[in-house]
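Dear colleague,

Please find below the structure that I am handing over to you.

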Amino acid sequence: MLKKALSAIAIATLALTALTAQAADVLKVGATAVPHAEILNHVKPALKAQGIDLQIKEFSDYVQPNAAVEDKQLDVNFFQHQPYLDSYNKDRKTSLVAVPNGKVHVEPFGGYSQKIKNVKDLKDGATIAIPNDPSNGGRALILLAKQGLIELKDPKSLTPTPLDVAKNPKKLKFKELEAPLLPRALADVDLALINTNYAIEAKLNPTKDALFIEGADSPYTNIVVSRQDRANDPNIAKLMNALHTPDVKKFILEKYKGAVVPAF
């Protein structure tokens with residue numbers, strides 16, 4: 001009798017485990033490795049406790065994560081800021097949106113060099129590498145303008161291009177590259193403006209290695225993005241609640257030490 005009872009309990013336990021696993025809601029999210037996937041992995045256990053199986057797919061570029069959300073391969077992505085999303089939607093004729101309360105953090109954009117220790121030492125005719133997408137390329141030029149190296153035709157524009165440089169007293173030359181390639185270009189250029197996620201991946205410390213860096217007032221807050229028809233999904237709301245806890249704020253501050261700044 002005891003053996004039968006134990007067997008019945010074991011079968012019931014297995015059935016309950018299978019039922020629980022089956023009942024878990026899958027939420028697929030695309031992210032760049034650092035810091036986005038790291039932050040998502042940090043909240044994964046909390047979401048599991050709420051019945052959500054957070055499945056994270058890592059990307060190394062800025063185009064595929066949006067395409068995968070648009071094609072319904074992913075539910076959301078987490079890697080970009082609003083100016084980039086606006087530019088992507090305009091260029092690709094898509095209508096992806098930031099989810100409600102979608103802001104998570106700012107990655108202060110910085111200027112790096114292996115050839116000079118101070119921006120004042122930048123020589124005339126120096127080559128500056130910047131991202132080749134409109135929003136991050138514009139962000140780089142805005143930061144250069146704040147350093148007094150150039151002047152832009154419209155200081156209020158978030159997407160200037162090298163053609164919008166009104167004054168360039170040092171006759172700087174701009175080399176536009178794919179954002180992930182910028183750290184590798186450091187040896188070949190005088191200065192490179194690098195997104196913080198790629199700087200961290202390249203073992204650069206933005207708060208120590210950058211010659212100059214954006215302030216906390218940066219408008220380039222990283223957001224969680226979905227299709228319009230999924231923006232108000234309850235499971236996505238649970239993801240945002242999990243990302244907006246004091247625990248996550250502490251995790252960001254302690255792990256990235258100012259290289260990533262919470263925006264909530």
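**The cavity and the nonpolar cores**

By the rule applied here, one cavity of 30 Å³ or more is counted; please bear in mind that the model is a predicted one. The largest cavity holds about 100 Å³ of space. It is lined by 14 residues, and those closest to its centre are Tyr62, Phe79, His81, Arg139 and Asn195.

As for the elements involved, S3, helix H5 (134-146) and helix H6 (196-201) each contribute at least two residues to the lining of the largest cavity. The largest share, three residues, is that of S3.

I turn now to the nonpolar cores. The largest of these comprises 28 residues, and Val224, Leu239, Leu243 and Tyr256 have the most contacts inside it. At least two residues of this core come from each of the following: strands S1 (25-32), S2 (52-59), S3 (76-81) and S4 (97-106), and helices H2 (33-49), H8 (234-243) and H9 (246-256). Helix H2 gives the largest share of this core, with six residues.

Apart from this core lies another, of 26 residues, which includes Tyr88, Leu177, Leu186 and Ala210.

Which residues does Tyr256 contact, leaving aside its neighbours within four places in sequence? They are Val34, Pro35, Glu38, Ile39, Ile200 and Phe251. Of these partners, Val34, Pro35, Glu38 and Ile39 fall within the range of H2 (33-49).

With kind regards

Notes
Residues are numbered from 1 along each chain as its sequence is written. This is a predicted model: local features need pLDDT of at least 70, side-chain atom pairs count only at pLDDT 80 or more; totals for chains, interfaces and linings use all residues. Side-chain values use heavy atoms; hydrogens and water are left out. A nonpolar core is a set of buried Ala, Val, Leu, Ile, Met, Phe, Trp, Tyr and Cys residues joined through side-chain atoms within 4.5 Å. Buried means under 20% relative accessible area, exposed over 50%, partly exposed in between (1.4 Å probe, protein chains only). Helices (H or I, at least four residues) and strands (E, at least two) are DSSP runs, numbered from the N terminus. Contact means heavy atoms within 4.5 Å. On a 1 Å grid over the protein atoms alone, a cavity is a set of points where a 1.4 Å probe fits but cannot get out, and a pocket is an open set with protein on both sides within 12 Å along at least five of seven lines; lining residues have an atom within 4 Å of a point. Grid points are joined across faces, edges and corners, and a volume is the space filled by probe spheres set on the points.
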